[in-house]
Amino acid sequence: MMIKSRRSFLKVAGIAAIGMGAAPVMNLAASEPHGSAQPKTEKNEETLHAERWGMVINTSKLNEEVVEAIKEACHKSHNVPDFTIEPDAEKYSGTRPVRDGQEIKWIWDEHFHYAFPDKEDEFLAEKFHDLPFLVTCNHCKNPPCVQACPTQATFKREDGIVLMDYHRCIGCRFCMAACPYGSRNFNFRDPRPFIEETDPDFPTRTKGVVEKCNLCAERLAKGEQPHCVEASEGAIVVGDLEDPESEIRTLLAEHYTIRRKQSLGTEPSVYYIV
Amino acid sequence: MLEIAIQGSKKYWLWIVLLLAVMGAGAIAYADQFLNGLQITGMSRDVSWGFYIANFTFLVGVAAGGVMVVIPYYLHDYERFHRITILGEFLAVACLVMCLLFIVVDLGQPIRMLNVLLYPTPHSMLFWDMIVLNGYLFLNIVVGWKVLEAERNQIEPVWWTKPLVYLSIPFAIGIHTVTAYLYCGLPGRGFWLTAILAPRFLASAFAAGPAFLIILCYIIRKFTKFDPGWEAMQTLSKIVCYAIIANLFFFACEVFVVYYSGIPGHLSHMQYLLFGLHGHNMMVPWMWSALILMGLGAIFLLIPKLRNNRALLPVTCAMIFFGAWIDKALGMIAGGFVPSPLHHVNEYAPTLQEGIIALGVYGAGLFVLTILYKLATTVKEEVRG
């Protein structure tokens with residue numbers, strides 16, 4: 001028994017040694033004459049950088065059409081499910097009807113008194129009653145969701161963007177309880193049957209994880225503006241809050257702006273010109 | 001010692017089979033949830049925690065309530081609790097098993113749950129809750145088992161059970177304090193954002209835990225030859241009395257603060273629970289029932305003649321237990337999430353399937369409790385006989 005196992009060990013070791021010897025040869029065969037087979041990482045020169053990303057929404061420039069265009073641009077490109085559509089009966093047979101209130105939205109419109117419940121005023125200026133106020137993740141400087149998350153599946157990047165790792169999230173929904181802005185969504189079900197056209201540039205999610213606006217981190221990395229900015233016809237500006245020369249800072253210097261639930265100390269990075 | 005659990009009367013086996021059937025129904029309902037997601041629950045974007053977390057919160061309290069027999073016996077040498085200390089410890093074990101199960105069935109991705117250990121995150125209160133809950137479970141299993149084993153062999157328990165008992169006392173306070181911190185540290189939830197939440201949790205825990213223990217003592221007296229002792233039960237009922245009055249007092253403090261200050265972000269939740277908000281009043285009958293049950297229970301325990309009435313005491317305890325359950329399980333979740341942070345009013349009610357899964361968890365807890373109590377009472381009978 002002993003001998004046999006030693007012999008078989010030697011056999012395996014011998015094969016392994018041949019393998020190790022073969023590795024450089026294989027690499028040589030694989031590499032270009034002037035390059036290596038190692039994966040190469042390099043910085044994308046076009047990537048947009050900021051010390052702290054922020055957003056200014058000019059409410060007076062928004063109307064229903066623009067708001068719809070913004071929501072659609074965001075949701076389509078991020079594969080956010082639309083539970084109003086009928087899923088493909090052949091591909092997704094047996095899909096159950098959707099329960100009320102289990103919807104998913106990254107950016108949406110609210111009436112003033114819902115977007116700013118602490119600024120409710122019975123003598124509120126007439127025009128505010130009908131204006132759509134776009135709300136989304138505030139990418140807070142002090143995000144309560146990040147503090148609450150037990151696995152760091154939601155985290156704040158160095159440039160201030162609050163992101164989600166959909167593969168780490170355990171779906172405890174502590175972050176949803178923690179968010180004072182109702183900006184977080186839970187995948188109560190597999191969202192895929194309700195995505196009309198999957199955008200291959202962005203991952204779809206699985207059931208049981210939380211998701212929310214990511215400030216189009218994937219587009220900023222390619223040097224592109226977020227979808228909502230592009231669709232907003234100038235109503236939304238995204239830029240560096242810490243750069244005094246930035247467009248966003250000029251806007252903040254020139255206009256009176258408000259933020260949602262400022263008194264909580266979460267320091268939202270989304271500003272509203274009203 | 002475990003062999004005791006497989007020797008029992010016909011009634012015992014009937015009860016075990018019943019519990020297994022309940023657990024089985026829960027498992028089938030859960031299998032569907034596991035495959036199709038939490039869509040089967042009544043939870044929503046606005047009310048993102050429901051019946052599972054509600055019961056979890058309440059049962060953490062019942063588990064912590066076990067310490068109300070440990071403290072008098074181990075710290076004050078209160079001999080009358082000698083016979084029921086093990087019952088308190090084993091009750092804590094069963095409750096903690098249910099707590100952990102409720103957490104697991106609430107997770108969207110339960111197979112990833114060990115991520116909490118893989119990426120330990122001290123700034124998350126859930127991380128600490130995991131540590132204290134598992135710690136308290138471990139302490140109670142080890143201490144309960146070792147002490148009972150020693151009793152069976154008629155020897156002194158091994159020396160290191162003592163320090164573990166002392167350690168379990170701050171752990172008992174800890175599990176409920178940290179569970180309260182899950183809620184009261186969140187900036188945007190006016191109903192939970194109150195420093196009295198942890199004390200209130202503890203007060204209702206020290207009422208509900210011992211109240212349930214008294215009911216269990218009655219059941220034990222009926223079905224076994226082991227007598228936990230009427231004096232011990234009377235002392236327990238006094239503990240329940242003080243604790244439920246403290247809970248009601250803390251609740252009154254809460255009501256005063258939100259109504260007198262009138263800050264809408266705090267007031268609207270209490271208004272929803274007690275009187276309904278914008279025509280939504282699902283919780284109103286529940287909350288008033290809870291207050292009446294707890295209030296009447298307190299009165300019944302305050303008056304010595306009623307407290308010492310052997311027929312009334314289990315009824316009183318059931319009233320307090322059920323009242324505390326409504327208050328802390330249903331009220332804590334509904335009050336916290338309604339209205340939503342944007343002040344939308346979306347109410348929550350559990351679905352039938354959600355209820356069956358919860359029932360399955362309770363079945364599992366009662367199964368553990370039955371087996372542990374079978375061991376405890378049989379050993380006590382053996383030793384005495």
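Helices (H or I, at least four residues) and strands (E, at least two) are DSSP runs, numbered from the N terminus. This is a predicted model, in which local features need pLDDT of at least 70, side-chain atom pairs count only at pLDDT 80 or more, and totals for chains, interfaces and linings use all residues. Residues are numbered from 1 along each chain as its sequence is written, chains are lettered from A and ligands numbered from 1 in the order in which they are written, and side-chain values use heavy atoms, with hydrogens and water left out.

Q: In which helix is A:Ser77 found, and is A:Ser77 buried or exposed?
A: A:Ser77 sits in helix α2 (residues 64–77) of chain A. Buried means under 20% relative accessible area, exposed over 50%, partly exposed in between (1.4 Å probe, protein chains only). A:Ser77 has a relative accessible area of 8%, so A:Ser77 is buried.

Q: Which side chain joins that of A:Ser77 in a polar contact of 3.0 Å?
A: A polar contact is a pair of N or O atoms within 3.5 Å; within protein, one must be able to donate a hydrogen and the other to accept it, and residues adjacent in sequence count only if both atoms are side-chain atoms. A polar atom of the A:Ser77 side chain lies 3.2 Å from the backbone oxygen of A:Cys74. The side-chain partner at 3.0 Å is A:His227.

Q: Which residues does A:Ser77 touch, not counting those up to four places away in sequence?
A: Contact means heavy atoms within 4.5 Å. By that rule A:Ser77 touches A:Glu72, A:Asp199, A:Phe202 and A:His227.
 
Q: How many residues does each chain give to the contact between chain A and chain B?
A: Buried area is the accessible area (1.4 Å probe) that two parts lose on being put together, summed over both. Chain A and chain B bury about 3800 Å² between them, 53% of it on carbon and sulfur atoms. The contact takes 50 residues from chain A and 41 residues from chain B.

Q: Which side chains meet in a salt bridge of 2.6 Å, N to O?
A: A salt bridge is a side-chain nitrogen of Lys or Arg within 4 Å of a carboxyl oxygen of Asp or Glu. The rule finds two across the interface of chain A and chain B. One of them, at 2.6 Å, joins A:Arg173 and B:Asp106.

Q: How many residue pairs are in polar contact across the interface of chain A and chain B?
A: Pairs count here with both residues at pLDDT 80 or more. The rule finds 33.

Q: Where is B:Leu75, and what is its relative accessibility?
A: B:Leu75 lies in helix α3 (residues 67–76) of chain B. Leaving aside neighbours within four places in sequence, B:Leu75 is in contact with B:Val70, B:Tyr166 and B:Ile169. B:Leu75 counts as partly exposed because its relative accessibility is 45%.

Q: In chain B, where is confidence lowest and where is it highest?
A: pLDDT is the predictor's confidence in each residue, from 0 to 100. Chain B averages 94, and 100% of the residues score at least 70. The lowest mean is 90, in α3(B), and the highest is 97, in helix α11 (residues 284–302).

Q: Which loop of chain A holds A:Leu215?
A: A:Leu215 is not a glycine, yet has a positive phi of about 55°. A:Leu215 is buried, because its relative accessible area is 4%. The loop runs between β7 (210–211) and α6 (217–220) of chain A.
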